[in-house]
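Student: I'd like to go through this model piece by piece. Can we start with one loop and work outwards?

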Amino acid sequence: MSGESTMAFRQLRAGDAAAVKGGMIAASGDRASRDETTVFAGPDIRACFFGDSFVAGVGDSSGLGWVGRVTATARSKGHRLTSYNLGVRSETSIQVASRIPLEAPPRWSDAEDARLVVSFGVNDTSDVGGRLRASVEDGLRAVRSAAQSISPERFLLVGPPAVADDQQNSLIETRDRSLQSETGVLGIRFVSTFRPTRDSRMWRHQVAVGDGFHPDADGYELLASIIEPVLLDWLAPLEHDPNVP
C-alpha cells in the first residue's frame, strides 16, 4: 500500500471510530432520556400471577395478555414491580392453588414486598362426562389454601370472565359471587370481571370468533382496564412484616 493510500486508510478508520463513538454517546443519551422518564420508587415488589389460560394470555395476538399490560402500566407509574406469569392452560382452582406453595417461594426470595395474584374459575365450570371439573366449594377451598401462603393484604383475587356459552356463563356468575363473598370474609382484595366482559359486545364477539373462551388483544385490553385500577391501588406500599413473605 502506498504512503498516500495508507494515510487515507488511517483517516477513514479514524473517521469511522469517531462516528461509532459519537453513535454510542448518542445511544447512551437516548437510553438515559428514556430511563429518566420513569422514576422508580418504593419497595422491590415481586408479584406472582397464578391462574389459568386467561392469566397466560391465550388468544392474545400481541402476546401481552392482561398481566403484561397491567405490569407495564404499574412500572410506568414508578412501581418497582417484577411480575411472574404462572398461568397454566386448562387448570382448575384446585390445580392452581396446589402449585402456589411450590412455585411462589423461590420467586419471592429477597423481595422487599411479596405479592400474590390469583385468578381461576372458568375451567371449574367445564362439564366433563356429565360432571363439573370442580365444585363451588372446591373453589372456595382453593382460595383459603392460597391465602395460607401470604398475608391477606398482599393477596389479590381476580374473578373469572364470561365465555361464549350462556349456560356456562350462569355457572361462572355463581362462582364469581361466591368468590367475592369469600374474599370479603378473608379480608382479600377482589376484582370481578364477569359482568363487564359479559356485557361487552367486543368481548363476546372476539370470544365467539375465537375458541369460545379466549379473546384477542382488544379483549385482553378490556380485562386489563377492569383489573388495573384495583391492582394499582393494591400495590401501594405496605408496612413490612419480617415474618410474612
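**From a loop to the sheet**

Tutor: Alanine 162 sits in the loop between β6 and α6; helices (H or I, at least four residues) and strands (E, at least two) are DSSP runs, numbered from the N terminus. This is a predicted model, in which local features need pLDDT of at least 70, side-chain atom pairs count only at pLDDT 80 or more, and totals for chains, interfaces and linings use all residues. Residues are numbered from 1 along each chain as its sequence is written, and side-chain values use heavy atoms, with hydrogens and water left out.

Student: Is alanine 162 buried or exposed?

Tutor: Alanine 162 is buried, because its relative accessible area is 0%. Buried means under 20% relative accessible area, exposed over 50%, and partly exposed in between (1.4 Å probe, protein chains only).

Student: What does alanine 162 touch, leaving out residues up to four places away in sequence?

Tutor: Asn169, Phe194, Thr197, Arg198, Trp203 and Phe213. Contact means heavy atoms within 4.5 Å. Alanine 162 and threonine 193 are 7.8 Å apart in space, C-alpha to C-alpha, and 31 residues apart in sequence.

Student: Now the sheet. What is the strand order?

Tutor: The order is β2-β1-β3-β6-β7, an open sheet of five strands with parallel pairing. β2 and β7 (189-191) stand at the edges with a single partner strand each, so one side of each has no neighbour in the sheet. On average, neighbouring strands of this sheet are turned by 20° against each other, direction ignored. Axes are lines fitted to C-alpha atoms, for helices over the stretch in contact, and angles run from 0 to 180 degrees between N-to-C directions.

Student: How many bridges join β1 to β3?

Tutor: Seven, and the two strands run parallel. Two strands pair if DSSP finds at least two bridges between them. Phenylalanine 50 stands opposite valine 118 in β3.

Student: Which strands does helix α3 lie across?

Tutor: Helix α3 (residues 65-76) lies across β1, β2, β3 and β6 (155-158), running at about 175° to β2. Helix α6 (residues 166-186) lies across β6 and β7, at about 160° to β7.

Student: Which residues touch the most other members in the largest nonpolar core?

Tutor: Phe49, Trp66, Val117, Leu156, Trp203, Leu231 and Leu235, out of 31 residues. A nonpolar core is a set of buried Ala, Val, Leu, Ile, Met, Phe, Trp, Tyr and Cys residues joined through side-chain atoms within 4.5 Å. The elements that each supply at least two residues of this core are β1, α2 (53-56), α3, β6, α8 (201-209) and α9. The largest share, eight residues, comes from α9. There is also a second, separate core of 22 residues, which includes Phe50, Ile100, Ala142 and Phe155.

Student: And what is valine 117 in contact with, leaving aside neighbours within four places?

Tutor: Cys48, Phe49, Phe50, Trp66, Leu156, Val158 and Trp234.

Student: Where is the kink in α9?

Tutor: A kink of about 40° lies at glutamate 228, shortly before proline 229. The bend at a residue is the angle between axes fitted to the seven residues ending there and the seven starting there. At 1.5 Å a residue, the 18 residues of α9 (217-234) should span 26 Å, and the end C-alpha atoms are 25 Å apart, which agrees. The expected span of a helix is 1.5 Å times one less than its number of residues.

Student: What about the kink in α4?

Tutor: The α4 kink, about 45°, is at isoleucine 100, shortly before proline 101.

Student: What do the buried residues of α4 pack against?

Tutor: β1 (41-51), β2 (79-87), β3 and α5 (136-147). The buried residues of α4 are Ser93, Val96, Ala97, Arg99, Ile100, Ala104 and Trp108.

Student: What is the phi of aspartate 110?

Tutor: Near 70°, a positive value in a residue other than glycine. Aspartate 110 lies in the loop between α4 and β3 and counts as exposed, at 69% relative accessibility.
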